[in-house]
Amino acid sequence: MNTKSILIAASSFIATALLAADPPAIGSAAPEFSLTDAKGKTHALSQYKGKYVVLEWFNPECPFVKKHYGGGHMQNLQKEFTGKGVVWLTIDSNAPGTEGNLSPEQAAKVMTAWKTHQTGLLLDTDGKIGRAYGAKNTPNMVVISPEGKITYQGAIDSKATPNPADIPSSTNYVKAALDESLAGKPVSNPQTKPYGCSVKYKSS
């Protein structure tokens with residue numbers, strides 16, 4: 001291997017190292033975390049033991065995220081399941097200075113303007129939580145059981161496009177996982193391949 005090839009290989013390794021690792025296995029314990037939301041409230045996963053928890057990775061500038069928020073689809077999903085006692089935590093793991101990173105003030109404005117219904121919009125500016133969950137895309141979805149186990153991980157739905165017109169004909173994996181779980185059934189499709197914009201993690 002010549003010097004140029006070595007440099008390219010090294011650069012590729014560094015770029016890969018900056019990304020999230022593989023997500024935790026289905027059925028494994030969800031990594032504990034404590035993050036502050038846009039309103040200054042701290043949310044620790046452990047405080048929600050006994051409840052289903054949804055984690056949703058977020059970037060308001062991402063067209064794949066806008067697909068689900070533009071027509072109110074994500075907001076309706078949030079409202080439906082928080083109304084059933086599910087905790088819905090939206091997480092911004094994008095680093096300061098990158099697309100999608102939000103200050104608390106900006107995050108609060110987005111929540112108001114988009115009329116969201118999540119339990120909290122959490123700010124993970126150093127990316128530690130996103131990396132712990134292997135979140136590589138926005139949106140990236142995780143469902144956690146009341147026992148703290150990961151029961152679903154992956155895409156929000158079955159059509160990996162930024163086109164809102166595809167929503168009605170797609171299968172919403174998160175809704176299916178929650179409906180099955182709340183009915184006392186096992187999740188029939190516990191892992192899918194997430195799609196969307198890449199999470200812009202902090203490089204150091």
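Mentor: Start with the torsion about the S-S bond of cysteine 62 and cysteine 197. In this predicted model, that torsion is about 90°, so the disulfide is right-handed. The two sulfur atoms sit 2.2 Å apart. A disulfide is counted when the sulfur atoms lie within 2.5 Å, so the pair at 2.2 Å qualifies. A search of the whole structure finds one disulfide.

Now place its two ends. Cysteine 62 lies in the loop between strand 3 (53-57) and helix 2 (63-70). Cysteine 197 belongs to strand 9, residues 197-198. The pair therefore ties together parts that are 135 residues apart in sequence.

Are these ends buried or exposed? Cysteine 62 is buried, at a relative accessible area of 0%. Cysteine 197 also counts as buried, at 12% relative accessibility. The cut-off for buried is under 20%, so 12% still falls on the buried side for cysteine 197.

Next, the setting. The protein chain has six helices and nine strands. Of its 204 residues, 47% are buried. Take the contacts between residues at least 6 apart in sequence: 75% of them join residues at least 24 apart. The accessible surface comes to about 9700 Å². Carbon and sulfur atoms hold 57% of that surface.

In general, strands of a sheet pair through backbone hydrogen bonds, either parallel or antiparallel.

Strand 7 (residues 141-144) pairs with strand 8 in the antiparallel sense, over four bridges. In one of these pairings, valine 143 has tyrosine 152 of strand 8 as its bridge partner.

Side chains of opposite charge can pair when their charged atoms come close. The structure holds five salt bridges. One of them joins lysine 67 and aspartate 157, with the closest N and O atoms 3.9 Å apart. The cut-off for a salt bridge is within 4 Å, so this pair at 3.9 Å is counted. Lysine 67 is in helix 2, and aspartate 157 is in the loop between strand 8 and helix 6 (173-182). The two residues are 90 residues apart, so to speak a link between distant parts of the chain.

Glutamate 80 pairs with lysine 84, the closest N and O atoms being 3.4 Å apart. Glutamate 80 counts as partly exposed, at 26% relative accessibility. Lysine 84 is partly exposed too, at 46%. Aspartate 179 pairs with lysine 175, with a closest N to O distance of 3.2 Å. Both lie in helix 6, four residues apart, about one turn of the helix. Aspartate 179 is partly exposed at 31%. Lysine 175 is partly exposed at 29%. Salt bridges that share partners join Glu80, Lys84, Lys175 and Asp179 into one network.

Finish at lysine 175. Leaving aside residues up to four places away in sequence, lysine 175 touches Leu77, Glu80 and Phe81. Lysine 175 and glutamine 78 are 97 residues apart in sequence, yet 9.9 Å apart in space, C-alpha to C-alpha.

To return to your request: the disulfide joins cysteine 62 and cysteine 197, and both ends are buried.

Methods:
Residues numbered from 1 in each chain as written. Predicted model: local features only at pLDDT ≥ 70, side-chain atom pairs only at ≥ 80, totals over all residues. Heavy atoms only, no water. Buried < 20%, exposed > 50% of the residue type's maximum accessible area, 1.4 Å probe, protein only. Contact = heavy atoms within 4.5 Å. Areas by Shrake-Rupley, 256 points an atom, 1.4 Å probe, with all protein chains shown as cover. Pairing = 2+ DSSP bridges. Salt bridge = Lys/Arg side-chain N within 4 Å of Asp/Glu carboxyl O.
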